Every structure is written in structure tokens, then in C-alpha cells.
Amino acid sequence: MQIDIKKDKYQQQEYVLKQLKQRLEDCWTGASQVIEELEEFYYDTVNDKRLNERTRETLEQIFDYQLADIKDKAMDIQDETQNSIEFFVEQFNLEEEV
């Protein structure tokens, strides 16, 4: 009986740790989505023929001066999150994949 209780507590703890790791991975995915959306914004701005030249130039400036900075920050967040995931996995001796 005692062994079953310890095993159950170990499984519960492992489950919680894997859930927490999944949350970190979700944060990484969120940063990736920000990067992807901003890249698509830029691509669409440059290639959409429905936009007149002045509008396209204004959108490119918005990207260059505001959105590119957000993209860079998202890339930094993604890197830091990846480092945190690796540290978390190492600290708790978890598998790489959940």
C-alpha cells in the first residue's frame, strides 16, 4: 500500500511538471506566432498590388520603425523561453517531448 501511495504521488508530481513545461512551450509558440504574423504583415504590405504606393510606403515605415522592433523582442523572448525550457527539463530530469 505504501509503495502505491508513493508511486501515485510521483506520477502526480510528474504530471504537474509536464503541464508546467507545456505552458513554457506554449509561450515559445506564442512568440513564434508573433514573429510569423509580423513577417506575413510585411510580405503582404510589399506584395499587395491593391495598395497604392504612398500607402505601401507608410506601411513599410510602420513595419521598419515599430513592428520590426516588436519582432526583434519576440525573437529575444523566444530565445529566453527556449533557454528556460532547457533549464526546466534539466532541473527536473524530464523528457524533451511531452
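Me: Hey, what relative accessibility does Tyr42 have?

Reply: Tyr42 comes out at 32%, so it counts as partly exposed. Buried means under 20% relative accessible area, exposed over 50% and partly exposed in between, with a 1.4 Å probe and protein chains only. This is a predicted model: local features need pLDDT of at least 70, side-chain atom pairs pLDDT 80 or more, while totals for chains, interfaces and linings use all residues. Residues are numbered from 1 along each chain as its sequence is written, and side-chain values use heavy atoms, without hydrogens or water.

Me: Got it. How many aromatic pairs does the structure hold?

Reply: There are 2 aromatic pairs (ring centres within 6.5 Å; planes under 30 degrees apart are stacked, over 60 edge-to-face, the rest tilted). In one of them, the rings of Tyr42 and Phe63 have centres 4.8 Å apart and planes at 40°, so that pair is tilted.

Me: Which parts does that pair tie together?

Reply: Helix 1 holds Tyr42 and helix 2 (residues 53-92) holds Phe63, so the pair links parts 21 residues apart in sequence. Helices here are DSSP runs (H or I, at least four residues), numbered from the N terminus.

Me: And Phe63, buried or exposed?

Reply: Phe63 is buried, as its relative accessible area is 9%. Phe88 and Phe92 make a tilted pair too, 5.0 Å centre to centre with 55° between the planes.

Me: How many residues apart are Phe88 and Phe92?

Reply: They sit 4 residues apart in helix 2, so about one helical turn separates them. Phe88 is buried at 14%, whereas Phe92 is partly exposed at 40%.

Me: New topic: where is Tyr15?

Reply: Tyr15 belongs to helix 1 (residues 2-47), and with 53% relative accessibility Tyr15 counts as exposed.

Notes: Helices (H or I, at least four residues) and strands (E, at least two) are DSSP runs, numbered from the N terminus. Rings of Phe, Tyr and Trp (its six-membered ring) pair if their centres lie within 6.5 Å; planes under 30 degrees apart count as stacked, over 60 as edge-to-face and the rest as tilted.
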